[in-house]
Each structure stands twice: as C-alpha cells, then as structure tokens.
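Thanks for coming. I will walk through one model, starting with some helices, then the sheets, then the domains.

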Amino acid sequence: MDVTFIGAARTVTGSLHLIEHNKQKFLLDCGMFQGHREEAERINSTFPFKPKEIKTVILSHAHIDHSGNLPNLVKRGFSGPIFCTSATKDITSLLLLDSAKIQEYDFEYLNKKRTEKGMPPKQPLYTIADAEKTIEQLQAVDYNTSFEPVTGVHITLHDAGHILGSSVTVIEVDGKRLLFSGDLGRKGMPIIRDPVVVKDIDYMILESTYGARQHHSFENMQKELKEIIEAAKKKSSKMIIPAFAVERTQLLVTMLKNLFDEGCLKSVPVYVDSPLASNVTDVFRRHPECFDAETIKIFNEGDPFNFPNLHYVADTDESKSLNDKAGPLIIISASGMCEGGRVTHHLIHSIGDARNMIVLTGFQAHATLGRKILEGAPKVTIFNDDFEMRAKTYLMAGLSAHADGNDLLEYVKATRNGQLKKVYLVHGEIEESQALQEQIKTIGLDSDIPQTLTTITI
Ligand SMILES: [Zn+2]
Ligand SMILES: [Zn+2]
C-alpha cells in the first residue's frame with residue numbers, strides 16, 4: 001500500500017493521510033487546518049486528490065483538527081461512509097454542526113463588510129446543510145472488531161485514551177500491519193481508559209504534539225485545583241475557567257465532584273456555561289462503554305458529571321445573570337483559548353477585579369486572547385474594547401489529553417517486538433517531532449518526519 005502524508009505533516013492541525021491499495025483510495029482523518037485566515041482558507045479548500053475517488057474515511061476521533069474538513073470533502077463529491085466509533089460519531093455530529101454554524105455566522109458578518117467596500121461576497125468552507133449531509137455518512141464500528149471497508153484492507157480500531165471514543169487505527173494489507181495513532185492519550189487520566197498497546201506492527205504513524213515536553217502529573221493537578229479554590233474562598237473570588245467543550249470540561253467536572261465530596265466546595269457554586277459543552281456531556285452519559293472502571297462504578301451509582309452545587313446554564317439570560325453574582329463561585333465556559341463563546345463575556349465582567357481568578361486549562365495558541373492573558377499583558381482587547389488585567393492568572397498545564405515525550409517513547413517501546421521497521425512522526429511542530437526522533441534513535445529504531453505530499457510504499 002502507498003501512504004501519502006498530506007495534513008498535519010510538520011505541523012499540528014489538519015490531520016489528513018491518503019492510503020492507496022490496488023488503485024482503491026481511502027483517507028485517515030480529514031481535519032481542519034487552523035491558522036491565519038488566508039492560509040487556512042487556501043489549505044482547507046484544496047485537496048491533492050479527487051474527493052469523488054475516495055472510497056471511505058477512517059476517522060480517529062471527533063476533534064475538529066481531525067474531523068473538521070469532512071463537510072468540505074462531502075461538498076466536493078465524496079459520498080462514501082466515514083467509519084469511527086459510536087461515541088466519535090455522536091461528538092463529531094455536534095462539533096461539525098457547531099463549526100458550520102460559526103462559519104455561516106462569520107461569513108455573514110464578513111460579507112456585510114465586503115459589500116460595504118464594494119467587494120464580492122465570499123463563501124464559507126461549508127454550510128450547515130453540508131455538515132448535515134456529512135453526519136448521515138458517519139458509520140459507527142466497535143473497538144477491537146476487524147472490518148473490510150475496502151477490498152483487501154482490514155481495519156481495527158483500538159482505544160487511544162485521548163478523548164471519549166478516540167481510536168488508534170490498525171490497517172492490515174497483504175499481511176503487513178500499519179498503525180496510525182491518531183492523537184494518543186495519557187495513562188491514568190479520569191473518565192476514559194488508557195491507550196491500548198497493539199503488538200505485531202510493521203510500521204507506525206505516530207503523533208508528536210508534545211514530543212519535546214513532559215507534563216505535570218495529574219495527581220498534582222487535583223492538588224493544585226484544591227489550593228486555587230481555597231485561595232478563591234478566602235478572597236470571595238470569581239474563578240473563570242476557560243475550557244474546551246470536549247473532554248476538558250467533563251474532566252474538570254469530575255475533579256470538582258471529587259472536591260465536593262471532600263467538602264471543599266460547600267459554599268462555592270459551580271456553573272458550566274457552554275451549550276456545546278452541556279450537549280457533549282450528554283453524549284458522555286450515553287457512552288459508558290468508553291469509561292474506565294472507576295467511572296463505570298460512579299455511573300452505576302449515579303451521574304459522574306453532576307453534584308449538588310453544579311448547574312448547567314441553559315440560556316443566555318441565565319448566563320448574563322452570573323455577572324451580578326458575588327463570589328466565591330466557579331464558571332467553566334468555552335472556548336478554551338478565550339477566542340469566542342460565552343467565556344469572553346465572563347472575562348469582560350471579571351478581568352478588571354484583582355480578587356478574581358482566571359484558570360487556563362490547556363495549550364494557548366499564539367495570538368489568542370488566552371495566550372495574552374497567560375503572558376500577563378497589562379491590558380487586553382475584547383470585542384474592540386480595552387480592559388485592565390487585574391485578575392490573577394493560573395495555568396493548569398498538566399490537564400493535557402496528549403501523551404508527552406516519555407509516554408510516546410514508552411508507547412513505541414511497548415508496541416515493538418522486533419517487527420517494527422519504521423516510525424513516521426506527524427502532528428507536531430518540527431522541534432517537537434525532532435526531539436522525539438532523537439529519543440527513538442536511542443532505542444535503535446528508524447524514524448522519519450515526512451514533509452507534506454511525501455508518498456511511501458509499504
Ligand atoms: Zn485530539
Ligand atoms: Zn489532533
């Protein structure tokens with residue numbers, strides 16, 4: 001089979017790889033490239049193959065950088081099935097509709113401005129109708145169950161332990177086995193199971209997002225969150241926690257549930273204020289088959305994503321009413337990098353008060369509002385207004401859903417049993433991939449960091 005690395009080659013987003021076997025073509029992921037608007041438009045709108053010729057797509061997990069360009073593929077003629085786990089199918093459906101809605105909204109605004117300037121209107125990458133059509137093409141398959149979506153190509157999905165429903169894909173052709181990691185999770189994280197180690201692999205396509213870094217342990221994060229809350233209680237702070245709607249919000253809820261059980265949250269109400277996060281949490285409740293043993297136990301006794309002080313905010317009126325509430329209180333809201341969503345309003349109303357706290361819970365990309373807050377800018381601009389930054393900022397970097405450099409090397413070692421010939425590193429900035437490549441060299445294994453449009457035959 002031939003593998004062509006297209007997206008997430010020497011970069012993180014836009015995961016997309018083309019596989020060809022006996023003139024039959026299929027894709028691993030079809031993610032959205034995220035970056036500056038013009039570059040993203042150019043990369044996302046063109047495919048170096050004819051979408052009509054693609055027989056199927058194997059989707060590793062729901063994150064937009066893996067699924068977000070599927071509606072565009074469908075719009076351009078792809079009509080085959082998109083195979084993924086059942087949980088991935090449900091989360092992807094929510095995320096694609098959300099992505100299409102945001103695009104339609106953004107382009108309406110953009111086109112108003114263009115018309116005022118006498119410029120022709122532009123089309124979004126895809127619309128809600130394209131997303132709806134794509135959702136109909138999603139087909140659920142079980143973990144650990146081989147299927148043959150293309151003649152002579154046997155595929156099995158295993159739990160990747162990254163987010164609910166995430167999978168490692170094993171592709172078997174003519175007795176040769178290729179593993180595609182998708183995004184690989186960490187051991188011992190709450191809610192989901194650990195990544196599954198698959199043996200007897202000949203070649204591996206491995207993510208390398210944090211190839212050069214080591215995360216703080218999760219146990220430290222639970223302690224850190226408790227300390228921040230104790231400090232917030234003393235100062236009657238409002239704690240604003242910008243969080244991704246998928247996995248990070250649910251992870252925070254389970255951590256807070258533990259603290260509630262310990263008695264630490266007695267007088268502290270917690271609000272989850274993101275319609276998308278609330279809907280994704282409902283999907284979590286529908287998929288206990290993806291939970292780890294601990295979460296199944298809690299699920300059998302009640303709801304792992306609820307406790308008496310917790311409120312899922314329903315509408316914008318209720319969201320606005322939080323502005324007038326006195327601390328201590330905790331608001332978890334999207335987006336995780338503060339680039340939109342209801343969290344921006346909560347920041348506007350709390351960022352200027354030195355008693356308040358902003359707790360960032362993940363990677364903050366360059367040029368985002370979250371990054372500026374993290375770097376301690378004295379003033380930040382939100383919706384064209386400047387705000388003095390007086391609230392105290394924390395970063396809980398150890399909540400990452402990605403394996404770090406050590407985990408990735410351990411995964412390669414655990415998978416290897418003399419048969420593994422080469423590892424291809426993708427989904428990482430070049431420095432991160434190179435650091436991991438150095439580590440892989442120390443165990444005497446060959447690896448490569450393919451450039452985009454490189455084809456290999458295996
Ligand atoms: Zn991911
Ligand atoms: Zn990813």
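At what angle do helix H4 and helix H8 pack, and how far apart are their axes? Before the answer, some ground rules. This is a predicted model, in which local features need pLDDT of at least 70 and side-chain atom pairs count only at pLDDT 80 or more, while totals for chains, interfaces and linings use all residues. Residues are numbered from 1 along each chain as its sequence is written, and chains are lettered from A and ligands numbered from 1 in the order in which they are written.

Now the answer. H4 covers residues 86-116 and H8 covers residues 275-286; they pack at about 165°, and their axes are 9 Å apart. Axes here are lines fitted to C-alpha atoms, for helices over the stretch in contact, and angles run from 0 to 180 degrees between N-to-C directions. The two helices are therefore roughly antiparallel. That word is used for angles over 145 degrees; under 35 is roughly parallel, 65 to 115 roughly perpendicular, and the rest oblique. The crossing of H4 and H8 is right-handed, a term for the near helix being turned clockwise from the far one by less than a right angle, with anticlockwise giving left-handed.

Which residues make this contact? From H4 they are Ala87, Asp90, Ile91, Leu94 and Asp98, and from H8 they are Leu276, Asn279, Val280, Val283 and Arg286. Contact means that the C-beta atoms of two residues, placed from the backbone, lie within 7 Å. Sorted by class, there are 6 nonpolar, 1 polar and 3 charged residues. For the classes, Ala, Val, Leu, Ile, Met, Phe, Trp, Tyr, Cys and Pro are nonpolar, Asp, Glu, Lys and Arg are charged, and the others, Gly among them, are polar.

H4 also packs with helix H5, residues 128-137, at about 165° and with the axes 8 Å apart. H4 is therefore roughly antiparallel to H5. This crossing is right-handed. On the H4 side the residues are Ser93, Leu96, Leu97, Ala100, Lys101 and Glu104, and they meet Ile128, Asp130, Ala131, Thr134 and Ile135 of H5. The classes here are 6 nonpolar, 2 polar and 3 charged.

Next, the sheets. An open sheet of 7 strands runs in the order E6-E5-E4-E3-E2-E1-E22, with mixed pairing. Strands pair if DSSP finds at least two bridges between them. E6 (138-140) and E22 (454-457) each have a single partner strand, so one side of each lacks a neighbour in the sheet. From one strand to the next, the twist averages 25°. H4 comes back here: this helix packs on the sheet, touching E5 and E6, and its direction makes about 150° with that of E6.

Within that sheet, E1 (residues 2-7) and E2 (residues 16-21) are antiparallel and joined by 5 bridges. Phe5 has His17 of E2 as its bridge partner. E2 also pairs with E3 (residues 24-28), again antiparallel, over 5 bridges. E2 and E3 form a hairpin with 2 residues between them, and Asn22 in the turn has a positive phi of about 50°. By contrast, E4 (residues 54-58) and E5 (residues 82-84) run parallel, with 2 bridges.

The other sheet on my list is open, has 6 strands in the order E14-E13-E15-E12-E16-E19, and is parallel in its pairing. At its edges are E14 (310-312) and E19 (392-395), each pairing on one side only. E16 (residues 357-360) is joined to E19 by 4 bridges, and Val359 has Tyr394 in E19 as its bridge partner.

How is the chain divided into domains? Domain 1 is 2-213 + 402-457, and domain 2 is 218-399; these bounds come from an automatic or database domain assignment. Their centres, taken over C-alpha atoms, are separated by 28 Å. Each domain gives 17 residues to the contact.

Last, two backbone details. The peptide bond between Gly327 and Pro328 is cis, with omega about 5°, and Pro328 is in the loop between H10 (316-321) and E15 (329-333). A cis bond also runs from Ala334 to Ser335, with omega near 5°.
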